[in-house]
Structures are given as structure tokens and as C-alpha cells.
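This report walks through selected local features of a predicted model. Please keep the sequence and the structure in view while reading.

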Amino acid sequence: MTQDQPAQDQPIEEQPRPSGPDLTKGVAFTELAGGKLVGHVGDEDVLVVCSGGEIFAIDALCSHYHGPLVDGLVEGGGIRCPWHHACFDLRTGEATHAPAFSPLSCWQTEQRDGRIFVTAKRDAAPARQAPADAPERIVIVGGGAAGFAAAEMLHRHGFAGSITMLSAETDAPVDRPNLSKDYLAGSAPEDWMPLQPDDFYAEAGIDLRLGTEVVTLDKIARQVVTAAGETFRYDRLLLATGAEPVRLTIPGAELPHVHTLRSFADCRAIIGQAEGARRVVVIGASFIGLEVAASLRARDIEVHVVAPDKRPMERVLGSEMGDFVRALHEEHGVVFHLEDTVVAIEANKVRLGSGAVLDADLVVAGIGVRPRLALAEQAGLALEKGVVVDAFLETSAPGIYAAGDIARWPDPHSGAAIRVEHWVVATRQGQVAALNMLGRKQKFETVPFFWSQHYDVPINYVGHAEGWDEIAVTGDVMARDCVLKYKRDGRVLAVASIYRDLDSLREEVAMERARA
């Protein structure tokens, strides 16, 4: 079973038909194997969960990529999706942890004669009210994961003031992980990509300004100024400027068939040129580079990967997983040129440092990203390999918060200040920053998580390990059934897994409970 499913607004007619017992007719308690059972009410799949002596009934599929929650983990009054670790409140259906944003429906349950009956769908939870002392004006700089998640959370919590979202992007917030996965591969249509329909922003009271670059931040006057000269005052400000791809500096880097992948526009440009391409050269054996390689192979394009590394992804995943990733891509026809570099690009070829010359109709560079720190630096905010924030994601300037790829926060799990470039982390930080801008005083203590997809093989990763002295492997990496624990001095810092979803969730919970 592949984890890489269509995005959250998949048309209902393409969903599988309901299965399992008719829950309106009742099921015996003994049928809840492991405390969970999938059935249906009419045409809708419903999951029955026994937790803490209570019975709950909730939508059976995650609202993110429709992961089967029956395979997830029930923990602390919530249920976690096995695929990408979204979490939902069993009592209300609220999506409490991204990457899911949309809530799940809940149903009423009855118990009689040793059986559980699921009856009518419950009304949605009443709308929240923001605190009486909430600020009047909140400005969000950035239209990516963190910025969107913050704006959505402010709306969800009943913020009645003005929300202005200034985005340099030309498109409204999209499901960025899918840019290098299904959408690039051609298996996800464009209308699956937006995180919300266009009319969501106006209806939610979010003033989304696209194509708007902020060039000045005045923390004394509490205002930002755009490149067009517009001024926006704020009571609270979120910096979510994200990261930008590292650009090639070699001869030919500016040729029109050379691309990086970060935005929706980038992806469209790559797809446009891929339609007539015979061979593509991907520069870099990173997660993005290899996801691009897999997606372009799905379009039946010859793919060559050039990278200075001895193994793909070895720096993050170690040698054994690196060897597996290489073998997996080679099974699908990718040709690697490792321990080599591209030194020049020409109209239809690239030249390598080894002297080799490769034909190339299309070149995609995936050699990393760097945080966009210019605005924070101009404003005089404290910087150290990112924007320094406290446990509440507030910067050195009161009232200014930072989230996503630019934020360097005190991680209670590793005991160090860290900055990571994971989409899920960015969304969760945006959510916490929003709550704190409303005065909630909630610490960001979430364990980092990301997933990567290569053909039909998902790799899940929880935690953060910049180095380790041991990798403990359970299962068989080459058999695509494994858990790898990255340890230092006997302590687990991070866990990678393939098709061990429940183990991945359990390790996430264990890390949440532990502190450095």
C-alpha cells in the first residue's frame, strides 16, 4: 500500500465505496480489535474507537491525504494518522496537528445489550472566540506553510481583528510537498494543490496579497513596507519568509532549461519542459532531487543524477539507507554519477568534473535551500544560523514571531537550538505562533517530522539528528520493512522507518514524553 495519496480535496466520487459493517445496526464490543473498527453509516466510512472507557465515532480517513485512521495510534484523547502524523481530537474531530487542517465529522453513539450503535452525525463544534485582549492587527509575512497555518489557526480561534498575509508568491498557498511528488509525476491534477479554495481567504477575513515583497520592517513604528511602497501597521507580526533554493554558479546556470523547484510556478515550468524532454539531469542527491528524479521517471524520461556524495542521503539517513535509496532508484532506471559534479551547462548537455559529458534537454538543481533572513537582518533581530526565537517562537523583538524554515528554536528533545526545513514543522510552528499572538503562551515542543516518497516507497522520519554514534536497525532495509534509530550516547535522537507506520507513531510519542 502506497502512502503517497492525492491531496486533501480529492473529489468524493473517486473515493472507494464504504466497507465494513453497517454501524447503524450495531456491532459487538468484541469486534473492536485493538479498540478500533471501520464500518459505515450510509455512504460514509466511520471509525469506531474505544479510548479511556469511552466510545467515539469519527470519519475513518484523514482529511490530509486520506490515510486510514484505523491503522493509526490512539493517544491522549486523539488519533494520529499513520501516514503523515496528523492528529485529530476524538471528541470534536478538530485537526489538532498539521499537516491536516480540515476537521473530521463525529457521530453520536449508543451502547445497549453489549453492542455499539452509531446514529446521527453530530453538529460541528461551536466557533471559538478569541480572547478579549487579542490584538487588533496581525500581519503575516510569507505565503508558505507557516504563514498559511498561522492565518488558518487565527481564523479557527475566532480572531476578529485584521489578518494581512503578504506573500511574494504568485499563487495562493499550495501543498508544497506534492510539487516534487504526485503533481510533478502527473498523477495529481492542479486543482488538488491549493490548501484552500480561493474564496476561503475572503470568507475567513484573511487579506491575502500575492506578489507582494516586504522590503522593510520597522520594529519601533511596528510596520512593514513593501517593494511597491505600501505600509502595513501591525500589533503582532509573524515572519514566515521561508527558504529559497541555492542557485548554481557554474557557466550556463542561467540557461532557460535549467530549473530549481520551490514554488508552484517552478513546478509548472519544469512540467512544461519535461513534456518534450528525452533526458533530464538532476543535480543533487537530496530528498528533493531524488523525488524529482522519481517523478520524472514516472513521465518516462531518462534521468541521470549527479552529486558529490558517496551515497544518496547518507548525511541524514546513514549508509545502509543510502544504499537502499540508490538501489531503489536504479531499479526504476535512474543512472547515478556520484562523487562527481556538474562544472558547466550547455544548450543540450552538461559537463562533469570527471570529464564526462551528458546529454540534457532539462536540468533540475536540487542542491539545498537557504533561509530568507534579509528582512530579519534589516530589522536588527537576533540571528544565529536563522532567526533566534524562544520556546514560544517570539523573536528578540517583542510582538514579532518567526516560524518555519527561518526559525531557530530551543528544542526540548535534543537539548539544542535547531532549525529544520520540514513542511510539517513549518505548519505546526505557524499554528503555535498564531496561538501565542493571541496570548495563549503555548510552547513549541513538537517533535520534528517529515516524509519522503520514492516511487511506491515512503520514508518517515521523526526527531532530529545532526550526528550519531550508532544506528540500530530493526527489520530489513532492503526488504522495505524497517525501523532505524539514530542514537548518540545510547539516546534516540531520530527514527526513520519504511512501512512501519505504527512504530513511527509510537516513537514520536516516546520522544514527546522524553526531554533532554
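## Positive phi angles

Glu339 sits in the loop that runs between strand S22 (335-338) and strand S23 (342-345). Although Glu339 is a residue other than glycine, its phi is positive, near 55°, and with a relative accessible area of 60% Glu339 is exposed.

Tyr499 likewise has a positive phi, near 50°, in a residue other than glycine, and its place is the loop between strand S36 (491-498) and helix H10. With a relative accessible area of 30%, Tyr499 is partly exposed. A positive phi, near 95°, is also found in Gly333, which follows helix H7.

Asp501, Ser504, Leu505, Glu507, Glu508, Val509 and Met511 are buried in H10.

## The crossing of H1 and H9

The axes of helix H1 (residues 145-156) and helix H9 (residues 423-437) come within 7 Å of one another and cross at roughly 40°, an angle that makes H1 oblique to H9. The contact involves, on the side of H1, Ala145, Ala146, Ala149, Ala150, Met153, Leu154 and Arg156, and, on the side of H9, Trp423, Ala426, Thr427, Gly430, Gln431, Ala434, Leu435 and Met437. The crossing of H1 and H9 is right-handed.

## Cysteines without disulfides

How many disulfides does a search of the whole structure find? The search finds zero. Cys87 is in no disulfide, and the nearest cysteine sulfur, which belongs to Cys62, is 10.0 Å away; Cys87 is buried, with a relative accessible area of 7%.

For Cys106, the closest cysteine sulfur is that of Cys87, and because the two sulfurs are 13 Å apart, they are too far from each other for a bond. Cys106 is also buried, its relative accessible area being 5%.

## A cis peptide bond

Ala98 and Pro99 are joined by a cis peptide bond, for which omega is about 20°. Pro99 is found in the loop between strand S8 (95-97) and strand S9 (106-112).

Conventions: Residues are numbered from 1 along each chain as its sequence is written. This is a predicted model: local features need pLDDT of at least 70, side-chain atom pairs count only at pLDDT 80 or more; totals for chains, interfaces and linings use all residues. Side-chain values use heavy atoms; hydrogens and water are left out. Buried means under 20% relative accessible area, exposed over 50%, partly exposed in between (1.4 Å probe, protein chains only). Helices (H or I, at least four residues) and strands (E, at least two) are DSSP runs, numbered from the N terminus. A disulfide is a pair of cysteine sulfur atoms within 2.5 Å. Axes are lines fitted to C-alpha atoms, for helices over the stretch in contact, and angles run from 0 to 180 degrees between N-to-C directions. Angles under 35 degrees count as roughly parallel, over 145 as roughly antiparallel, 65 to 115 as roughly perpendicular and the rest as oblique. A crossing is left-handed if the near helix is turned anticlockwise from the far one by less than a right angle, and right-handed if clockwise. Contact means heavy atoms within 4.5 Å.
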